[in-house]
Amino acid sequence: MFLIHCPYCGELRDEQEYRYAGEAFIQRPSLDCTDEQWGDYVFNRTNPKGKTVEQWAHAAGCRKLFVVERNNVTNEIYAVRTFESYKEQA
Amino acid sequence: MAKFETALEGHDFNALAGNGFQVSEERNYGYVVLRIRPNTAGAAEALTQLGIQLPNALGITGALDTKLVKWLSPDEYLITLPLSQKDAFIKDAKAALHGIFAAVVDNSGGYSLLKLSGEHVYEVLAKNCVYDCSKFLSEGKVISTLFSKAAAVIYRIDANNVYLMVRWSFADYVFQALAISSREFR
């Protein structure tokens, strides 16, 4: 159990209020891609040990999706950011 | 016309009442969800016309006997108002927000609103919530969190009462959870 800061509510909330929503920034391939590329997009994940960049949804709170940079070994959270903040940075 | 009944019809709220904890059901309110981003073009004028001031994150504006506007998410606000004023308000709101990127949805059939009071109210909440209500739920604040396993909206607009709003389908579950967790205070 750990606490996650919700960037929209602006508060630390318990993990139980959130839902894990998979790896972040998976690029959808173009429509003329091969079956292998499509299969890679649908099924294959990077599955790193250590720092991960993942999506979390504040399911019982504001119901917004955002990005958590987390260490999946120690559960240390490096950063919690909205998708908008990545857009502004790019 | 069919008899007006809520999801907690026939539940004995007196059985839950003790010296330091009371529960009552607030029956005569309507719930309208307003989806709008505060910076939408034309929103400010339309909302002023409706007499609504959008609160900041986790905030509340207005009053329960007119229109209580609660922040749910950056583009979602829950308006609680007397049931008798609900239809007129929805009509006005749809007219005022016409052509603006917004939505007004009547959710009045969807929720049960409970009023909790008494000196042990935070102890009962602490048994069910992952959120520390006694420490962080200040007056004029609304939070969406879990009550036991049910998603709930919990808010305080005055010093003595805590309002707990849940989907009507979870109302019986919440009632039973309240009955068990308040047993020691009866």
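A word on burial before you click: buried means under 20% relative accessible area, exposed means over 50%, and partly exposed is in between (1.4 Å probe, protein chains only). This is a predicted model, so local features need pLDDT of at least 70 and side-chain atom pairs count only at pLDDT 80 or more, while totals for chains, interfaces and linings use all residues. Residues are numbered from 1 along each chain as its sequence is written, chains are lettered from A and ligands numbered from 1 in the order in which they are written, and side-chain values use heavy atoms, with hydrogens and water left out.

**Stop 1: the interface**

Color the two chains separately and look at where they meet. Here 12 residues of chain A are in contact (heavy atoms within 4.5 Å) with 18 residues of chain B. The area buried between chain A and chain B is about 1200 Å², with 52% of it from carbon and sulfur atoms; buried area is the accessible area (1.4 Å probe) that two parts lose on being put together, summed over both.

How many salt bridges cross the interface of chain A and chain B? The rule finds 3, where a salt bridge is a side-chain nitrogen of Lys or Arg within 4 Å of a carboxyl oxygen of Asp or Glu. On the side of chain A that touches chain B, the residues divide into 4 nonpolar, 2 polar and 6 charged.

**Stop 2: B:E76 and its partners**

Select B:E76 and A:R63: their side chains meet in a salt bridge at 2.7 Å, N to O. B:E76 is buried, with a relative accessible area of 7%. Helices (H or I, at least four residues) and strands (E, at least two) are DSSP runs, numbered from the N terminus. B:R35 itself is partly exposed at 35%.

Next, click B:D75, in the loop between β4 (68-73) and β5 (76-82) of chain B. B:D75 counts as buried, at 12% relative accessibility. Leaving aside neighbours within four places in sequence, B:D75 is in contact with A:K64, B:L34, B:R35, B:I36 and B:R37.

**Stop 3: a salt bridge within chain B**

Select B:K127 and B:E184, whose closest N and O atoms are 2.6 Å apart in a salt bridge. B:K127 sits in helix α3 (residues 121-128) of chain B and B:E184 in the segment after α5 (171-181) of chain B, 57 residues apart. B:K127 is partly exposed at 43%, while B:E184 is exposed at 56%.

**Stop 4: the rings**

The count comes to 11 aromatic pairs over all chains. Rings of Phe, Tyr and Trp (its six-membered ring) pair if their centres lie within 6.5 Å; planes under 30 degrees apart count as stacked, over 60 as edge-to-face and the rest as tilted. Select A:F25 and A:F83, an edge-to-face pair at 5.9 Å centre to centre, with 70° between the planes. Finish with A:F2, A:Y20 and A:W56, which form one aromatic cluster.

Note on methods
Nonpolar A, V, L, I, M, F, W, Y, C, P; charged D, E, K, R; others polar.
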